[in-house]
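Hi everyone, thanks for coming. Please take a look at the structure on the screen, and then we'll walk through a few of its features together.

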Amino acid sequence: MGVTIHAKSDSEVTSIDALYYVQSPSHSQQHDVEKMSYGSSPFGSPTHHYHCSPIHHSRESSTSRFSASLKNNQLAVWKRIPRTRNYDDNETGADDDDDDEEDVDYDNGKSVRFYVLCFLFSFLVLFTIFSLILWAASLPYKPKIFVKGMVFENLNVQAGIDGTGVQTDMLTLNSTVRIYYRNPASFFGVHVTATPIELHYFKLKLASGQMKKFYEARKSKRIVVAVVEGHQIPLYGAISVLSDAKNRIQSVSLPLNLTFLIRSKAYILGRLVNPNFSIHISCQLTLKGNHLGKHINFTNSHSCTYS
């Protein structure tokens with residue numbers, strides 16, 4: 001029986017589901033093979049001799065060589081082994097898969113960064129718009145401020161010596177100023193400060209005082225009292241009215257100017273939105289010696305200007 005062997009390509013070999021290997025038979029299998037080779041074949045009997053033609057002799061020789069081959073080398077038995085994988089193809093495929101996964105991860109990373117940047121940009125724009133809306137909404141809520149009045153409690157003029165040893169008239173003045181303050185805002189409070197309150201006779205400063213800073217809550221109001229005083233102010237003959245009326249203060253009538261600046265600052269959203277309100281106040285008044293200790297009302301008169 002002839003055996004036909006077909007040559008297979010590499011692709012066909014790799015596609016075979018199972019491979020085989022050769023295993024030598026056991027001792028009992030070898031004994032059966034010997035029986036099959038010699039006992040069952042008429043050509044293997046040593047007791048018979050034939051004179052054969054060359055063709056018959058060739059067949060006998062082939063049979064003998066085949067039997068001897070089976071005896072010496074043992075019968076080959078094919079057994080099945082699991083199919084092995086093509087590591088080169090797997091490695092190439094794994095590399096391709098890794099490249100694809102890296103591309104996907106890179107694309108996903110770009111998308112995440114893009115969405116994060118869009119979110120941050122949108123948040124900043126919306127927050128800026130919201131802050132501008134709050135700032136614009138706070139502008140109409142300017143504090144309501146006016147000077148209610150002032151009281152001169154003491155006025156004294158006497159001869160003295162200044163810091164350089166020059167003899168001149170010295171003025172001592174003590175007074176209080178009452179200021180009305182109201183915060184009309186419904187959604188923020190304000191921190192209030194002021195510049196020194198100064199009392200001038202033209203350009204000569206006679207007295208000054210400082211209003212204490214405070215915090216005014218929303219929709220609230222208060223009366224602020226500030227002390228304005230001058231102690232031993234040298235006149236150098238600038239105020240002749242006072243020089244002539246040292247002993248008769250009751251007859252003194254002295255025009256004065258009261259000026260100061262009030263600042264109000266709100267903190268909305270922390271320090272991000274902080275509208276400022278500043279009001280400059282200037283009041284014209286007359287100091288009369290016969291009205292010492294009496295309240296000078298600025299409410300009904302147009303003595304004060306606010307800007």
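**The cysteines**

Let's begin with cysteine 283, which counts as buried because its relative accessibility is 0%. Buried here means under 20% relative accessible area, exposed means over 50%, and partly exposed is in between, using a 1.4 Å probe and protein chains only. This is a predicted model, where local features need pLDDT of at least 70 and side-chain atom pairs count only at pLDDT 80 or more, while totals for chains, interfaces and linings use all residues. Residues are numbered from 1 along each chain as its sequence is written, and side-chain values use heavy atoms, leaving out hydrogens and water.

Which residue pairs with cysteine 283 in a disulfide? It's cysteine 304, with the two sulfur atoms 1.9 Å apart; a disulfide is a pair of cysteine sulfur atoms within 2.5 Å. Cysteine 283 sits in strand E11 (residues 276–288) and cysteine 304 in strand E13 (residues 304–306), so the link ties together parts 21 residues apart in sequence. Helices (H or I, at least four residues) and strands (E, at least two) are DSSP runs, numbered from the N terminus. Cysteine 304 is buried too, at 13% relative accessibility. Cysteine 118, on the other hand, is partly exposed, with a relative accessible area of 32%.

Now over to helix H4, residues 87–138, where we find phenylalanine 119. Is phenylalanine 119 buried or exposed? Phenylalanine 119 is exposed, at 56% relative accessible area.
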